[in-house]
Amino acid sequence: MAHPKDQRVRRRKRMGEEVREEALVAARRLLLERGPSAVTVANVGSEIGMSHANVLHHFGSAASLQSALMGSMIRDLTDALDNVVEMLKTDAAAPRAVTDKVFDAFDQGGAGQLAAWIILTGDVQQLAPVRDAVRALVDAIVGQAQDDNADNRVRSAVLMMAVCAFGDAVIGPHVREMLDREDDAMRDLIARILPLFLLPGGIPPTAS
């Protein structure tokens, strides 16, 4: 006998974009609750009350679904860093706040584990949503700057933050233990370096 909630979901006709959004919400929930291996077409279909075939129709493959999820997580970072340049200019605490947003997405948000899973077991040819989201993130931050070298600096900053946040999420705890470093040691380091990349004049003055 079908659960009442399942019946209610199945009866409602949904458009393609709505299905994709619901599927990505369900996929993120599965990622956080059960890890990357749980982000499958079948599991997502079960979560949103759709058949395996219907979900497959909207994403093409499990690898494509996982890449779309990774892309949506990076787009969330774009929103979170909407005013990052101005924050770094005016708020001495901003470098750490920005760093925490990025590192939390990879650690607590599951993006680090998902990225590792995609690279190790997925079809990397399906990573277009991730590439597009990263480029959108760069464009959004470059748009906040006003100097001619902003594009180069922002690309370097995003590279540094993404690779460091990914590494910290996946292997950071073990390396920190080997080196007898605090849990937030990598975050502290990136927060100190970040303004050098994103501000033309380098590190802003400390708070008085």
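Predicted model: local features only at pLDDT ≥ 70, side-chain atom pairs only at ≥ 80, totals over all residues.
Residues are numbered from 1 along each chain as its sequence is written, and side-chain values use heavy atoms, with hydrogens and water left out.

**View 1. Packing of helix H3 (residues 41-48) on helix H4 (residues 52-59).** The helix axes (lines fitted to C-alpha atoms over the stretch in contact, with angles from 0 to 180 degrees between N-to-C directions) lie 8 Å apart at an angle of about 110 degrees. H3 is therefore roughly perpendicular to H4 (65 to 115 degrees). Val41, Ala42, Val44, Gly45 and Ile48 of H3 form the contact (heavy atoms within 4.5 Å) with His52, Val55 and Leu56 of H4. Six of these residues are nonpolar, two are polar and none is charged (nonpolar: Ala, Val, Leu, Ile, Met, Phe, Trp, Tyr, Cys and Pro; charged: Asp, Glu, Lys and Arg; polar: the others, Gly among them).

**View 2. Packing of helix H10 (residues 150-170) on helix H11 (residues 172-179).** Gly167, Asp168 and Val170 of H10 meet Gly172, Pro173, His174 and Arg176 of H11. This contact comprises two nonpolar, three polar and two charged residues.

**View 3. Surroundings of Ile141.** Leaving aside residues up to four places away in sequence, Ile141 touches Leu81, Val84, Val85, Val154, Val158 and Leu198.

Definitions and conventions
Helix = DSSP H or I, 4+ residues; strand = E, 2+ residues; numbered from the N terminus. Parallel < 35°, antiparallel > 145°, perpendicular 65-115°, else oblique.
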